Amino acid sequence: MRSVPIYYQDKVYTFKVHESGEFISDIIASHKSFFELDTLEFCHQNFDLSYVLDIGANIGNHAFFFEKVCGSKVIAVEPHPDNFTLLQENTQKSFNLNMALAEAAKQTWLVDIFECRGNSSLINSNSSISIGDTCHLGKVSDLIPVQTIPLDILGLKGLTFIKLDVEGSELDVLQGAIKTLKNFSGVIMIEIHEESAFKVLNGGRYSKKELFLLLIDLGFRCIYKDRYSNYFFQK
């Protein structure tokens with residue numbers, strides 16, 4: 001763990017990141033700026049961020065911005081234990097959960113990509129990935145046991161914005177959130193990889209088309225896509 005300054009507008013924030021060698025941490029430390037700042041500012045300027053759910057919060061880059069800059073109430077979910085430690089350090093007001101969201105409660109495995117822990121992803125029984133393998137996200141350095149729960153169990157109400165970045169497990173998360181999403185009228189931002197990226201870690205269980213169709217069935221339409229493959233959906 002190391003502390004780095006982040007300069008934004010007329011303020012200097014202290015932010016905790018991984019040691020040198022981890023992709024997202026190194027970018028933040030090098031630029032002394034928020035990761036994907038243009039997307040964060042786009043959200044701040046265009047959407048209601050008063051109550052944010054950050055699924056796949058990593059070390060807290062987005063949650064920190066939402067909390068400190070936007071004054072948001074934040075619930076952040078992050079399954080990777082090392083990422084979660086930094087998330088806790090970086091967010092004083094957020095309610096943080098060290099678990100993963102999925103369609104159902106179960107024990108599963110998290111693929112740890114040491115060079116970029118933002119790429120850590122859940123695998124399932126259809127996956128043949130093991131420690132030492134190289135996938136499209138990088139070299140697998142560890143497999144970490146994690147507990148999943150469906151979002152609907154949390155019974156969250158009043159959310160205005162949902163950020164979803166779970167490296168190929170998007171449909172699993174959404175299928176466990178049907179009740180929540182039926183009652184949700186805000187914006188969902190989802191990082192959606194290209195088709196080939198899905199097939200490695202989710203065993204080819206679903207396609208981008210299926211993901212879009214589920215959201216359409218729930219009344220959402222895609223209103224924007226940014227340069228980081230974040231898609232924005234709104235009813």
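E89 is partly exposed, with a relative accessible area of 37%. Here, partly exposed lies between buried (under 20% relative accessible area) and exposed (over 50%), using a 1.4 Å probe and protein chains only. The model is predicted: local features need pLDDT of at least 70, side-chain atom pairs count only at pLDDT 80 or more, and totals for chains, interfaces and linings use all residues. Residues are numbered from 1 along each chain as its sequence is written, and side-chain values use heavy atoms, with hydrogens and water left out.

E89 has a partner. Its side chain meets that of K16 in a salt bridge, at 3.2 Å from N to O. This pair links distant parts of the chain: E89 sits in helix α4 (residues 81-90), K16 in strand β2 (residues 11-17), 73 residues apart. Helices (H or I, at least four residues) and strands (E, at least two) are DSSP runs, numbered from the N terminus.

Side chains of opposite charge can pair when their charged atoms come close. A salt bridge means a side-chain nitrogen of Lys or Arg within 4 Å of a carboxyl oxygen of Asp or Glu. Five are found in a search of the whole structure.

Another joins D26 to R2, with the closest N and O atoms 2.5 Å apart. D26 belongs to helix α1 (residues 23-31) and R2 to strand β1 (residues 2-8), 24 residues apart. D26 is partly exposed, at 26% relative accessibility.

D38 pairs with R227 in a salt bridge, at 2.9 Å between the closest N and O atoms. D38 lies in helix α2 (residues 37-46) and R227 in the loop between β13 (221-225) and β14 (230-234), so the pair ties together parts 189 residues apart in sequence. D38 is partly exposed at 33%, whereas R227 is exposed at 66%.
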